[in-house]
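Colleague: I am new to this structure and would like to learn how to read it. Please show it to me, and then we can go through some features in turn.

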Amino acid sequence: MTGDVAVLGAGMHPWGKWGRGFVEYGTVAARAALADAGVDWRDITSVVGADTVRGGYPGYVAGATFAKALGWQGARVSSVYAACASGAQAIGTARAQLLAGLADVVLVVGADAAPKGFFRPAGGDRPDDPDWLRFRVLGATNPAYFALYARRRMAVHGDTLEDFARVKVKNAAQGSLNPLARYRKAVTAAEVAASAVVADPLRLLDICATSDGAAALVLSTPEFARRRGAVSPVRIRAVSTVTPTYPTTVLDLPDIATDSAAAVPPAEHTFRESVARTAYEEAGIGPEDLSVAEVYDLSTALELQWYEDLGLCAAGQGAELLREGATAPGGRIPVNTSGGLASFGEAVPAQAIAQVCELTWQLRGTAGARQIEGARVGITANQGLFGHGSSVVVVR
């Protein structure tokens, strides 16, 4: 255990397709987080930006961009790119600065104005880039990968289309209660089944959209929080950003092949399992201590996989956990109380930060109609291309 940092403020810009620039979204979220924290922008000693991307690659120096938009005031600045894990790594960078004594209050911001359709590589030939290769050699778009995961679960664990639809129904119900979500309409299993096939077996309503949106946090040392009158703030206790261990024997984005285990046996735990285990070990907790979780539901099938990777159930038992109602509000471990990416869509640099915003509101008891009674410990699970792990443990 390396020490807690306080979450003084959380703020978001509503997600959707607004047709404006990412800087505007991020500035709105940042000001909302500052107001929530009761901290003046001039008191911020460091700004950490999760890089905005275009076509899957970093396009802007986000930290300095937001510092300029809010008004230059001399704060130190950092920018972080880790694909979909950018927000978690930005939180990790801010936490490291606080624990090292390099800052006493830090603003973390991520925002995007996503292109229409699925993400794709930027133009040009890059034969040494696995992301470029999987598009150009295989034509394997993100939905194609999501479908491969779904087929694997169906073949190995017996998951069904009805199980995948249940995930969407659960998350859409929560999204309908969230004023910040893009999609605020409950759906039925029949509507999921009737939606167009995108990549068999996944339907349109099984896959998340790309969205505009932003999220921000104000983090501080416990001493700064006490000086500001925050006696018992929500705290970040662990940030896991680990990489895979060779050999990796489960296909994962953006790679188009697994490693051979002929000479070296596979690690005891898969990459995604190791992301969560590292967070638990650092926080000194286990899955049995959780009150709520926010996971990376790029597709309905991937949410079921995260149940198992987080240790909420045994391997192959994710669908059963869902059918029992354990991951719904009122269940043993509610998952994606925000509505998840099913209700928000992807705004890449913002989504890991948005997960922590939701956990902050849940642990404060201010989540409104989505509130999980007595929430005390939460975890996020996310991952970025190229082996970027992402998990944050939040406690009250």
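Modeller: Start with a cut-off: a residue is called buried when its relative accessible area is under 20%, exposed when over 50%, and partly exposed in between. Keep in mind that this is a predicted model.

Colleague: Is aspartate 4 buried or exposed?

Modeller: Aspartate 4 has a relative accessibility of 16%, so it counts as buried. Its salt-bridge partner is arginine 235, with the closest N and O atoms 2.9 Å apart. Arginine 235 reaches 24% and therefore counts as partly exposed.

Colleague: Where in the chain do aspartate 4 and arginine 235 lie?

Modeller: Aspartate 4 is in the segment before strand E1 (5-16), while arginine 235 is in strand E10, and 231 residues separate the two. Asp4 and Arg235 also belong to one network with Arg237, joined by salt bridges that share partners.

Colleague: How many salt bridges does a search of the whole structure find?

Modeller: The search gives 21. One of its partners is aspartate 159, at 2.5 Å between the closest N and O atoms. Another is glutamate 308, also listed at 2.5 Å, N to O. Arginine 153 belongs to helix H5 and glutamate 308 to helix H10, so this pair ties together parts 155 residues apart in sequence.

Colleague: Are these residues buried or exposed?

Modeller: Arginine 153 has a relative accessible area of 2%, so it is buried. Aspartate 159, at 4%, counts as buried, and glutamate 308 is buried too.

Colleague: Next, the nonpolar core. Which residues touch the most other members of the largest one?

Modeller: That core has 50 residues, and those with the most contacts to other members are Leu290, Tyr307, Leu310, Leu312, Ile379 and Val393. Elements giving two or more residues to it include helix H5 (142-157), helix H10 (300-309) and strand E13 (388-395). A second, separate core has 41 residues, among them Val80 and Ile372.

Colleague: What does leucine 312 touch?

Modeller: Leaving aside residues up to four places away in sequence, leucine 312 touches Pro287, Leu290, Tyr307, Leu321, Arg332, Ile333 and Val335.

Colleague: Which residues make the nonpolar surface patch?

Modeller: Val137, Leu138 and Ile256 make a patch of about 280 Å². Isoleucine 256 sits in the loop between strand E10 (234-240) and H9. Its relative accessible area is 39%, so isoleucine 256 is partly exposed.

Colleague: And which residues does the UniProt domain annotation cover?

Modeller: The unreviewed UniProt entry assigns "Thiolase C-terminal" to residues 274-394. Over that range the chain is 37% helix and 16% strand, with the end C-alpha atoms 18 Å apart.

Terms used:
Residues numbered from 1 in each chain as written. Predicted model: local features only at pLDDT ≥ 70, side-chain atom pairs only at ≥ 80, totals over all residues. Heavy atoms only, no water. UniProt positions renumbered as here; feature names shortened; annotations may be inferred. Helix = DSSP H or I, 4+ residues; strand = E, 2+ residues; numbered from the N terminus. Core = buried A, V, L, I, M, F, W, Y, C linked by side-chain atoms within 4.5 Å. Buried < 20%, exposed > 50% of the residue type's maximum accessible area, 1.4 Å probe, protein only. Contact = heavy atoms within 4.5 Å. Patch = residues over 30% accessible without salt bridge, like charges linked within 9 Å, V, L, I, M, F, W, Y side chains within 5 Å. Areas by Shrake-Rupley, 256 points an atom, 1.4 Å probe, with all protein chains shown as cover. Salt bridge = Lys/Arg side-chain N within 4 Å of Asp/Glu carboxyl O.
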